[in-house]
Structure formats: C-alpha cells, structure tokens
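Here is a short briefing for a first look. Please keep the view open while you read.

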Amino acid sequence: MTTTILKIVTRNLLFYLTFGLLLLIISTFVIWPILKVVSFAQLENFSELFTNSRWSQAAIHSLMMTMISTLSCTFVAFIFAYTIARLEIPCKGLFKFITILPIVSPPFIVGMSYILLFGRQGIISKQLLNLNVDVYGWHGLWLVQTITFFPYAYAVIYGVLKKSSPSQEYAAYNMGSTHWQVFKNIVLPLSKPGIAGGALIAAMSILADFGNPMVIGGNSTVLSTEAYMQMIGWFDLSSAAILSTTLLIPALGLFLLNRQWVGKQSYTTVTGKESYSSHYPIPSYIKWTLFSFCMFITVIVLLVYGVLFYGAFTTTWGYNWSLTFSNLDYVFSKGKELTNSIQFAVLSSILAGVLAFPLAFIVQRKKMGMNRFLDFLSVLPGAVPGVFLGLGFAIAFNAEPLMLTGTAMIMVIALTIWNVPTFYSTLLAGLQQISSSLEEASQNLGANNLKTFRHILLPLLKGPFISGMVVTFLRSVTCLSVIVFIYSAKTSVGTVSILGLVSNGEWGKASSFTVVLISIAFAVLGISQLFFRNKRNANDY
Amino acid sequence: MNTEEIIIKIENLSKTFGNYLAIDNISLDIPKGSFLTFLGPSGCGKTTLLRLIAGFYEPDDGNIYFEEKKINELPAYKRDTPLVFQEYALFPHLNVFENIAYGLKLKKTPKKEIQDRVDSMLKMFGLIGMENRYPKELSGGQQQRVAFARALVMGKNVLLMDEPLSNLDAKMRVEVRDELRALQKRFGFTAIFVTHDQDEALSISDQIAVFNKGQICQVGTPMDIYFKPKTKFVADFVGTTNFVEGKVIELNDPFIMVKCNDTIIRVPQKDYAVKMCDEVTLVIRPECISISAEVDIQRNRSNGVKGNIVKSSFLGRTIRYWVGAGSMQWIVDDFNPKISGPLEGQITLTLDQSKVHLIKKRLK
C-alpha cells in the first residue's frame, strides 16, 4: 500500500511540486494579506461603526449606493442586451462599442467627465445654463455608477440572451400568447440567471469601487473612500482596517452568492438544433422605443469621452476655453509615471498568466478531489475589494520576512494577484472547450506530456492567453484602488497622478493624462484585435 | 494468418472508477492479424478496455501483455497502439497534412519519408487536394478519413478503433465498414474495434467479444455469437430473439426433447451438457420460424406451434408478425411476404429445428 502511494507520488512529482508552490503563493499573497487586515481590526473597535456617525454614514452610503446603482445598471444592461441580441436595428456596432468603452477606461473617468459637464466649472452647468449647483453627492454618483458599471452586467445578460433558443418563444406564440405574455412568461424567466448574474457582478464592482466616489462623492464618503481618508489623512491603519473589513463582508457575501446560486442555475437550452435562425418580430413602436433608450445612453457615454478629450486640450476648464497642447506636454514630462504604468501592467499580465495557467490546468484536467477548493482560491482575489487588497499588501509586506514596501515588486505582485481570477476564468473556459481526447490522441501518436503541451494545448490556448493578457494589461493600467495604498514616490503610476490632479482641480492636466492612458489601452486592444483577426483568417477554429 | 500467435494478452484485468467497477476481472487473448470487435451496450466496459490497452488508464489489477511484454505501466505515448477516436479528435489548429504527419514528426522521421507516407495515405483515403484544409473545413466523412489516415500512417501492427463509424450517416457507415475490412485484410494489422451496433459487429469481425457490466459474456465468430449465444444477454443484445422457457424431458440422441408449456420442441444435440429435468431456455430467431395459414397440422409434425396473429408490421423486405400462442408471444419474420397482404387470424408456426439453440439456466 505504502509503496503504491510512493510510486504515485514519485510519478507525479512535478505535479505535486507545482501544486505545493501554487498553494504557497496563494497563501502568501492572498490569504495572508486578508488575514492581516481582518486581524488588524480589533473586534471591540467595530462598535465604532455605530457610534462614529461618519463611519456609519459611509457604510450606509456604500450599501444604498450599491443597491440603487445595481438596480439601474441591471435595468439599462437588460435593455441593451435585449435590443442588441434580439432586435433588428441599426447602430448595433456602435452600441456594442459603447459597452466595451468603460471596461477599457480608468474607473473614475465617468466621474471626471461628470464634473467637467455639470460641476462648478461645468460646460453645461456653468457655460450653458449658468447655474451654480452642488453636483457632488449621491445623485451624481448614482448616475455615474450606472453609466460606469452597466457594461459589466450587460456582458453577462447578453451572453444568456444570445444563447437561449427562440424556439420556446415560437412555441408560446404558436399557443396564442401576446408579445407581452411571451416576454413575461418566457423571455424574462429564461434570462433570470443572466439578470441575477449580471446584477451581482455589477453590485460587486459598485460596492468595491473607489475611483468614482473619490472624485465626485464629495462629503458623502463610502467605505472604500473613508478607509482611504483614514489611512492617508490620519495614518490611522486600525480605522482603515475596520472600514475595509466592513466592506469585505458584503463583498464576500455577494461573491459567495454568485458562486453558489448563479453558478448552479443554468437554463441555457442548447439543443444543437438551431432550426429558427431569427427571432419573432417585435412591434415596431416597442423596437424604436428601446432603440431610442439605447441611443440616449450611447450619447451620454460619448459625451463622457468627448468632454474628456475637449478638456485635455483646454487651457483652463471653466475660465479659459482656448485650445492648447500644454496639458499634453505636462503628461509627457511625467513620463516616469506613464512608463511605470506600462511596465507594471506588462509584468503583471505575464505573471498572472504564469500563475493562472497551472491553476486552470489542474482544476480542469486533473481530477484531484481538491479542485473545488483550488478553484475557490483562484477566484478569491476577485471577491476582495481592490482597496482591501491594497491595504492588505501594505500591512502584510511592511515587515520581515517579506519587506516589500515601496518597491516595484509589491506593485507588480498586487496587480498580478488582483488579475489572477479573470485570467484564470478565461483559461479555464478555454481549456473546457478543448476536448481531452485531443491530448489523448497526441499521446497515442507518441507525444509525451511536454510535447503534447507544446504542440497541442499551447497553440489551442493562444486565444485565451492573449485575451487574458490584454484584459490584465488594461485592468492594470487603469487600476487605482489596489495600488493607492502601496505606491511610493518611485513607483507612482498614471492613475495616481490623475487622482492628485483631480483633487487639486487641475482638470486640463487630469483629462489629458486620462486621454493618454485610454489611448494606450486602445492601442493595445487594437493591436490584439488585429492579431486575432489575422489568426482567425489563417485557421478558423 | 497464424491464429496461434497472440499479440495482446489480457489477464484478470480489473478497473474501477470510484465505486464503479468498469472492468471486472477480464481475460482475453487477441490473435495477431485478427479483426476483433468489442460489442456491448453503453457503460459495459468495452471502451474502458480499449483505453486500458491504449494506456489512457492504468489497471487496478491484472496484466496487459503486448507481444509478450507486460505493458501495465508503459505510458500511452510509448505503446505504439494508434487509436481512431469516436469524435475523431483531429487537431483543429493543424491542417490535414499536419494532422496525418503529427505522429511521424514526433518519431523524427525524415522529411522525405513523411511526405511519401502521408501522400500514400491521402491517395488511399481520397484526400488528395485537401492537404491544406483544416478539420473544420471538412465534412464528417472526410474528417473520419483523416482520423483513420492519421492512425494508419504509423504503420503499426495494431489499430484501435473506438466507435469510429458512429458519427456517420447510415449509408456511409456501411460503405466505410466494408472499406475498413478490406483495408485490414490488405495490411494484415490486428484491429480492435469497439461498437454498440450489432450489425456492424457481425459484418466486420473475425471474432466478437460481447460485453456486459464489465465482463465479457462470450467471445466467438459472428455466426457463433448469433446462432449459439451462451447467455440470454448475448442472444438478446445481438438481434431479436424468441426466448422459450422449458424443461428437458427426453434425451434422445441426436435430439433433446424440451417441453415448453404444452408444446414439445426438438433441439439438435450440439454438445449441450444437459441432463433430464434441466431447466433450459430455447433461443429461436424470428427468421428461423416459418409461418403458414394452415391450421390443421398433423400430430407428428415436429416443432409446430399453433397460434393467433396479434399484430403485424410491414417493413419492405419482411413482414414481422407478433403471434400469440398460449401464454407466449412469438416474433416471426416472413421474408417472402405475399403481395395480397399480411396473414390474419389463426396460423401455424414451424420452427427450423437446426437453428433452435439451447441455453442452460444459470444456477443462481
């Protein structure tokens, strides 16, 4: 018995070593920082949440904002998804483009534009209407969060709507249902998993968001910004830990809900028999109402980006509207921040891939019995709000044996860990699509594991690998929350500079910097798209 | 063909998945150059055994020998047992040529030789001009040919096939199986073929091994399997059959007289080890019974049964009748149906006694 166990272990030595190493990395850079923050917050100090009115306000704001923005995000997302997936309308390409825009942009961009449009020096509020209103606060944040995060919910809902076959709807029409009945009894129930999943993704993002509340929250702080204030303003680590932990609890709750409930519900009826190519036509007044709604949102999003570009070339927003390149000059004088942004993003996208691949491979291919646990660990960093993760890194790696404070390494590692869940999920989905019989066929023809990996798996996973790296790069370049606690003078990045410029009211420079970051993001996205298209043409699989 | 020479020997092999016993103590000798089919319902262990031979699983117990060498722990990539997969498993990122050449390249075969051998495969399978296509750009039948070419190009003594025809349409399936048999005879490799389709198994094989619940119920020639099944399971799985329960009442060499309800059926003695009073099951195929409208049969006419037609179904070349006789229902195929329509009412069945087969009841 022991000899067989020994035999199994030696034969899979490489595998067990990898497995152990992965566990070590995850424990050190995920579990350890989380525990550090949670244990830093003394239990008795939590009572302050209720006694300190600023804190209880922040907690209530966080929860309320998450609730109302999630509702509005999901609403907008569903209409977008339904319109794009089901209706024959023009401008589909434009609508689709609108839904990816916020994903490749820094998270606070909508907030910034909002101020440029409606703020004290806003182009609409001051120039056009000559008003002097206080736009900071929860109304503005609600609008901004809706515009920022509806694309996240849209992606999930669209996926489900697109997959569901129209044959059930035809069946319902065939039995005499009206359009409204079909929608209420068939379409809506069948898209429930998508709606729930999309809403949860949006809720998680809104709850954890730091950039927008920081920019336009004004006096009504939320948990993430309040934690930041405590840490940066008063160097009060304990308070920051309490606030972040308070933020972690609902975030983990949403995460678990998403995993346990939505993950298991799937009504996608993939029959393999696609007999109906098109959907049953919808009355044109409904169609055009939905179209107008999407167009309205699209115009807002375009306005957000337009005003930002305008701001980037404006001398002094609100006072001197003459065009200038001086803002751009300023950005390039801060070349260090820009190169840092790019360097860290490139490194973390490579490292995240290196880490995510063995995780995805073991979970998908090796039936070990520990798969669910490993899967959980792999997506866990996605459940942790960025601010919390950053704080965790700041506390955990500020002492021996891992003294990393102020180094570039801590920035890269934090961004890597933060991106592992997305990269992992992309690779996992890619692996699931590769039938294991392909690997068997390769072995059967004489290729050992290494050769099979090189000749079969790697080429087939090229797509997921590239898209994982691009997404990680984009998320890293535009990331603010994770690094706001761990950057130093030497390792500061673009987003941090923008935050500083925004709080000083230097809108021109801030917009300019943002425009440069977005341009970099788009350039990378464009190159990868081009690369993909060429690959597709070469061999379509 | 030297049937004495054993190429693969399987000895008391067992394999479990969790609590599920997939292979239950199987032993089997596979003669060199033969076409052997593993036949059985899904989940019977036939594919598992094939995969054990290919080295995708390791046995829990027992041994596998390949040309007298024990290969239990030999990794799949060292076994030289090319396999044609059910879903073909063509590499989607490689074109037809690269797919077929994959194994040869791994063996570091010289470029010129690869070119020649792949070319001859392309020619043989009618794939000339498709070298640069990707699997997605091929029809199902073409993909399947590439899968065969990829395995055969290795030029090994053995070819494993896991339901390779099941994704083809019915007509093509018959075509390809005949080609496959011709190919096997031409090259003389040992073929191990997994299928759940009895027609396929009967038409293509030298030997059939019928699987059930992780065990092999019977190994034999297609004729033996069809006409002399050893168990009710085999008889039932391979073709339609009438089972008649009875009791041996007289041993009257060369016949065994079996009393079934109120009829006495005469069974030719073919080494059946039966004694008086043994409980037996008779296996009678629907096409081994003739049906006639005559009702008054002579008392001494052997193996005649009177009955009533319950229903009938016209299938083109046959009419299938369901005939009630006492407590029993017979299925009878009439291969030369009369143009005037199916028979009705009272009829007489006559059993072709040479094809009546006897199975001894297993002692529980």
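**Where the chains meet**

Between chain B and chain A, 6 residue pairs are in polar contact, both at pLDDT 80 or more. A polar contact is a pair of N or O atoms within 3.5 Å; within protein, one must be able to donate a hydrogen and the other to accept it, and residues adjacent in sequence count only if both atoms are side-chain atoms. This is a predicted model: local features need pLDDT of at least 70, side-chain atom pairs count only at pLDDT 80 or more, and totals for chains, interfaces and linings use all residues. Side-chain values use heavy atoms, leaving out hydrogens and water.

**The interface**

- The count of salt bridges between chain B and chain A is 1.
- B:Arg51 and A:Glu440 meet through their side chains in a salt bridge (2.3 Å, N to O); the term means a side-chain nitrogen of Lys or Arg within 4 Å of a carboxyl oxygen of Asp or Glu.
- Contact (heavy atoms within 4.5 Å) links 26 residues of chain B with 25 residues of chain A.
- About 2200 Å² is buried between chain B and chain A, and carbon and sulfur atoms give 60% of that area. Buried area is the accessible area (1.4 Å probe) that two parts lose on being put together, summed over both.

**A:Ser69**

- A:Ser69 sits in helix H4 (residues 53-86) of chain A. Helices are DSSP runs (H or I, at least four residues), numbered from the N terminus.
- A:Ser69 is buried, at 0% relative accessible area; buried means under 20% (1.4 Å probe, protein chains only).
- Its side chain reaches the backbone oxygen of A:Met65 at 2.8 Å.
- Leaving aside neighbours within four places in sequence, A:Ser69 is in contact with A:Trp142, A:Gln145, A:Thr146 and A:Ile206.

Key: Residues are numbered from 1 along each chain as its sequence is written. Chains are lettered from A and ligands numbered from 1 in the order in which they are written. Helices (H or I, at least four residues) and strands (E, at least two) are DSSP runs, numbered from the N terminus. Buried means under 20% relative accessible area, exposed over 50%, partly exposed in between (1.4 Å probe, protein chains only).
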